[in-house]
Amino acid sequence: MTRPPSTPPTHPQAVGHGVCWHLVIPVKDGSSSKSRLSPAPPLARRDLALALALDTIESACSALSADQVTVVTSDPGAAACAQGLGARVLTDPGAGLNAAVAAGWESTARTVLARGADASMLRTGWAALLGDLPSMRGEDLRTALASCSTHREAVVPDADGTGTVLLTSTAAPPLPQFGPGSAARHASTSTVLLLDLPRLRTDVDTVHDLRMAVALGVGRHTRAALARGGGS
């Protein structure tokens with residue numbers, strides 16, 4: 001897997017107010033992901049789900065130094081993409097989305113502690129990003145993280161305001177509470193940021209979501225998958 005254009009250098013980068021972010025992206029194995037997404041044949045659901053994830057991973061690695069990104073997955077395709085970009089890969093513990101995010105943060109925390117204080121004295125930021133954001137661009141994520149960096153804990157809801165696309169903390173790894181209605185759960189401890197970033201806030205769970213993402217513009221993997229399948 002080759003690096004996409006404009007991949008940043010592989011040294012830690014601060015995004016907003018001197019925060020060095022450590023981003024976790026959980027990606028389900030294609031055989032069990034996106035049960036509510038039923039693309040028209042011949043496009044298989046697992047192939048489309050993988051394409052969504054690959055576009056998300058590539059955009060995230062263009063927003064941050066790739067070694068600030070950890071992909072938690074048991075999907076070989078997602079793992080290969082992440083490794084090819086220089087991101088860290090952790091095997092999904094298989095206990096659901098929240099356990100995958102927590103495992104990613106735990107692994108990253110050990111790495112941060114082992115490395116010790118950075119010479120630049122950047123603050124450490126913890127972030128979790130959903131792996132189904134095919135319209136997101138690197139600049140969208142950087143803008144969102146810059147906004148999140150001014151808050152101890154923050155949550156960016158999805159387009160309909162009920163789910164979570166981005167969860168962050170500048171203090172310690174927060175408690176992940178993803179799943180249906182997660183925005184309200186995260187809002188109990190986090191500042192809600194209704195950012196004007198439709199590309200970042202459009203997650204894809206249904207065919208309707210996919211059509212909205214396509215209207216905004218999707219990444220190369222999703223475009224290719226839809227072309228192979230004859231459209232959305």
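Buried means under 20% relative accessible area, exposed means over 50%, and partly exposed lies in between, for a 1.4 Å probe and protein chains only. By that cut-off, strand β4 (residues 123–129) is mostly covered, with 5 of its 7 residues buried. This is a predicted model: local features need pLDDT of at least 70, side-chain atom pairs count only at pLDDT 80 or more, and totals for chains, interfaces and linings use all residues. Residues are numbered from 1 along each chain as its sequence is written, and side-chain values use heavy atoms, with hydrogens and water left out.

**Overall make-up**

- The chain has 8 helices and 7 strands. Helices (H or I, at least four residues) and strands (E, at least two) are DSSP runs, numbered from the N terminus.
- Of the chain's 232 residues, 50% count as buried.
- Contact means heavy atoms within 4.5 Å. Take the contacts in the chain between residues at least 6 apart in sequence: 66% of these join residues at least 24 apart.

**The sheet**

- Strands of a sheet pair through backbone hydrogen bonds, either parallel or antiparallel. Here, two strands pair if DSSP finds at least two bridges between them.
- An open sheet is formed by 7 strands, in the order β3-β2-β1-β4-β6-β5-β7. Its pairing is mixed.
- The edge strands are β3 (88–90) and β7 (191–192). Each pairs on one side only.
- Strand β2 (residues 69–73) runs parallel to β3, joined by 3 bridges. Threonine 70 has arginine 88 as its bridge partner in β3.
- β1 and β2 are also paired in the parallel sense, over 5 bridges. In this pairing, valine 27 stands opposite threonine 73 of β2.
- Strand β1 (residues 19–27) and β4 run parallel and are joined by 6 bridges. Tryptophan 21 has glycine 125 as its bridge partner in β4.
- β4 pairs with strand β6 (residues 164–169) in the antiparallel sense, over 4 bridges. Tryptophan 126 has serine 169 as its bridge partner in β6.

**Cover on strand β2**

- β2 is mostly covered, with 5 of its 5 residues buried.
- Val69, Val71 and Thr73 point one way from the strand. Thr70 and Val72 point the other way.

**Helices across the sheet**

- Axes are lines fitted to C-alpha atoms, for helices over the stretch in contact. Angles run from 0 to 180 degrees between N-to-C directions.
- α1 lies across β1, β2 and β4, and runs at about 170° to β1.
- Helix α4 (residues 138–148) lies across β1, β4, β5 (153–157) and β6. Its angle to β6 is about 45°.

**Helix α1 against helix α2**

- Helix α1 (residues 45–63) packs with helix α2 (residues 76–85) at an angle of about 15°, their axes 10 Å apart.
- α1 and α2 are therefore roughly parallel to each other. Angles under 35 degrees count as roughly parallel, over 145 as roughly antiparallel, 65 to 115 as roughly perpendicular and the rest as oblique.
- The crossing of α1 past α2 is right-handed. A crossing is right-handed if the near helix is turned clockwise from the far one by less than a right angle, and left-handed if anticlockwise.
- From α1, the contact uses Leu50, Leu54, Ile57, Glu58 and Cys61. From α2, Gly77, Ala78, Cys81, Ala82 and Leu85 take part.
- The residues of this α1–α2 contact divide into 8 nonpolar, 1 polar and 1 charged. Ala, Val, Leu, Ile, Met, Phe, Trp, Tyr, Cys and Pro count as nonpolar, Asp, Glu, Lys and Arg as charged, and the others, Gly among them, as polar.

**Helix α1 against helix α8**

- α1 and α8 pack at an angle of about 160°, with axes 7 Å apart. That makes α1 roughly antiparallel to α8.
- α1 passes α8 in a right-handed crossing.
- On the α1 side, Leu48, Ala51, Leu52, Leu54, Asp55 and Glu58 make the contact. On the α8 side they meet Arg220, His221, Thr222, Ala225 and Leu226.
- By class, the α1–α8 contact has 6 nonpolar, 2 polar and 3 charged residues.

**Threonine 222**

- Threonine 222 lies in helix α8 (residues 220–229).
- At 0% relative accessibility, threonine 222 counts as buried.
- Not counting residues up to four places away in sequence, threonine 222 touches Leu48, Ala51, Leu52, Asp55, Pro134 and Leu210.
- Threonine 222 and leucine 48 are 174 residues apart in sequence. In space, they are 6.8 Å apart, C-alpha to C-alpha.
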